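Thanks for coming. I have one structure to walk through, and I will keep it short.

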Amino acid sequence: MSNTTEFKNLLRGAEFLIKESNFQDLFTPADLDEEQQMILQATNDFLDNEVMPKRDKIEVQEEGVTTTLLEQAGELGLLGLAVPEEFGGMGKDFNTNSIVVEAMARARSFTLSWGAHVGIGSLPIVYFGNQEQKEKYLPKLASGELKAAYCLTEPGSGSDALGAKTRAHLSEDGKHYVLNGQKMWITNSGFADIFIVFAKIDGEKFTGFIVEKTMSGLSLGAEEKKMGIKGSSTRLVFLENVKVPVENLLGEPGKGHLIAFNILNIGRYKLAIGSLGAAKDALRQAAVYANERQQFKTPIANFGAIQYKLAEMAIQIYALESACYRASDKIDNYEKKLLSEGKDFSSAILGAADEYAIECAFLKVHGSEVLDYCVDEAVQIHGGMGFSEETQIAGAYRDARINRIFEGTNEINRLLTVDQLLKRAMSGKLDIMSAAMGVQKELMSIPNFGGGQDEGVLTNELNAVRNSKKAILLVAGAAAQKLMTKLKYEQEILMNIADMIIDVYAMESTVLRVQKKIANEGEEAAELEILIAKTFISDAVERLNINGKHALQSFAEGDELRMMLMGLKRYTKLEPFNTKNARRAVAAKISEEQAYCF
Ligand SMILES: Cc1cc2nc3c(=O)[nH]c(=O)nc-3n(C[C@H](O)[C@H](O)[C@H](O)COP(=O)(O)OP(=O)(O)OC[C@H]3O[C@@H](n4cnc5c(N)ncnc54)[C@H](O)[C@@H]3O)c2cc1C
């Protein structure tokens, strides 16, 4: 859903770093329309009535349980949300897909099976399939009659996906490609009927293929013994002289990287919003337990140490939620913009995901790390019981860990964030260099100690967001200028810059959302959200300062370093604020509702 059919205010990918946003343009969970709420309700009913009661059976991979649930999800339309109606799907917009992914997340292992099927398994055909391939496969994928898996990773190539060794060569009669190789860690492989396989034609042209389970030569390894998400199927896939009809080549020969990387952009975003849903569920469990468990004759929720944890989880979730829905709506709107310009469905969504690839990459990092923080603190709140498989939180803790590893590890996504930013700058798509030079000029001038514009209760925080962007421009601009082509070998600096970008996006998304609530419902109604924003931003500017300092100290020295550190300090300054009291107020609300409730 979009708040506006006008696209003129639509910031392009990463433009938030150099431009201001208006809170009125922000999409938040409060903006769901009636249809989206109905779909959300149907998803939650399906989870409560069908999936959750079978959680134990899913966990031990009891034969047929996950596949039957997938078929039931298909009947409800939950496998075809992103599939166009003409191919048996529901053709829903990006925001609706986001909402469902978030809701689904609490089903853990089943969520992964579902997500791999509807995402990386089906989307390559939705976006890159030709008419015949779409007609043949999509209706059955949308109904659940066919289940899908995605085979990119190999024993020797994970992060370096294009280093794949799987080979394809055209048969003498020109009717088949013959595939040979091994794929590793393939989700859904134990029951999938369709495998999207990447192989290099003649050892060179990286290409996607639709491989059917029944094609002879495809076989599977045993189920991997995993740390978490034990209920999802993960196996090796062996390809030994598998004859794949030429009709099953996906996209164009040698263009498999377009499929792999574009699908990953969307996958990363979905992982972020899925992490949000899982983090909310961890907070719910922690809040329930903290109010139930008594020690020293009082519920542990009454202790400040526990209140800190409950509040901090809620604050981090709020910031992540604000960031995720903001990005979702940008992708949604950009897709609609491209459609209005005459692009077809696939080009529009792929163009939109590509436009916001930087946001997708850093939100993946942000989401998975907030989730890990939340499950860890939720286990801690459970004490010894958190270490017992009798509680759900122990499993949630183990299940969460994979999110920092797949869909591109968090290191790779941090690197991608800055790499793509610099590429955008070099190609002239994002004028970050002029903005960085503006910051350098400002630092040479006498600081303006004037009060600035009064923007109400969030004046300091709005200024902190503006200044934090300048801090990034200062650090990234100086690093690029100083190190030039050597910057890519200084990964520690790139990690610092990526972390600063994550914080600024979350800060701005949070403060815009609270501004919107104040405008719509008044300051009193937004009392707790104001405290959330102030606390998050108070901590975020400190992190920005540390990250900026680590980066600057890595490549500058002497007077130059001192001057830049002073500039950094100036841009990460904030009026002191009592975060302890703010967290206590937030924790009281979480305890009252026994769930995330903002
Ligand atoms: C449960 C599970 C399910 C999965 N499902 C699928 C699936 O359905 N389909 C599929 O194709 N794949 C799947 N994967 C594979 C997953 O995407 C890879 O594990 C992931 O991309 C990392 O690759 P790797 O394991 O080879 O780690 P490596 O690439 O070997 O990385 C090891 C470490 O080195 C770091 N590193 C690597 N390169 C760099 C670099 N250039 N700079 C800095 N650090 C670097 C990484 O960040 C990481 O910390 C799954 C994995 C698991 C565990």
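Predicted model: local features only at pLDDT ≥ 70, side-chain atom pairs only at ≥ 80, totals over all residues.

The domain assignment divides the chain into domain 1 (27–146), domain 2 (150–253), domain 3 (257–412) and domain 4 (418–593). Taken over C-alpha atoms, the centres of domain 1 and domain 4 are 37 Å apart.

Now the ligand. It is surrounded by 20 residues, and the closest are Leu152, Gly158, Ser159, Trp185 and Thr409. By class, that shell has eleven nonpolar, seven polar and two charged residues. Which elements supply at least two residues each? They are strand S1 (148–151), strand S3 (176–187) and H13. S3 gives the most, with three residues. As for where the ligand sits, domain 2 and domain 3 both give residues to the shell, so the ligand lies between them.

H13 deserves a slide of its own. This helix covers residues 410–426, which is 17 residues, and its first and last C-alpha atoms are 24 Å apart, close to the 24 Å expected at 1.5 Å a residue. The buried residues of H13 are Asn410, Asn413, Arg414, Leu416, Thr417, Val418, Leu421, Arg424 and Ala425. On spacing in general, an α-helix has 3.6 residues a turn, so residues three or four places apart point the same way. What covers the buried residues of H13? The cover includes H8, helix H11 (357–381), helix H14 (432–444) and helix H16 (491–521). Just after H13, glycine 428 takes a positive phi of about 85°.

H8 comes up again in the largest nonpolar core. That core has 194 residues, and Phe209, Leu283, Ala314, Ile317, Val475 and Ile497 touch the most other members. Helix H8 (residues 256–292) gives the most to this core, with 18 residues. To take one member in detail, alanine 314 touches Leu283, Val586, Ile590 and Tyr596, leaving aside residues up to four places away in sequence.

Last, arginine 108. This residue lies in the loop between helix H4 (94–104) and helix H5 (109–121). Is arginine 108 buried or exposed? It has 26 other C-beta atoms within 10 Å, and the cut-off for buried is 20 or more, so arginine 108 is buried. Not counting residues up to four places away in sequence, arginine 108 touches Ile229, Gly395, Ala396 and Asp399. Phenylalanine 303 is 195 residues from arginine 108 along the chain, and their C-alpha atoms are separated by 30 Å.

That is what I had.

Note on methods
Residues numbered from 1 in each chain as written. Core = buried A, V, L, I, M, F, W, Y, C linked by C-beta atoms within 7 Å. Buried ≥ 20, exposed ≤ 12 C-beta atoms within 10 Å, placed from the backbone. Helix = DSSP H or I, 4+ residues; strand = E, 2+ residues; numbered from the N terminus. Contact = placed C-beta atoms within 7 Å. Expected span 1.5 Å × (residues − 1). Domains from an automatic or database assignment. Near = placed C-beta within 6 Å. Nonpolar A, V, L, I, M, F, W, Y, C, P; charged D, E, K, R; others polar.
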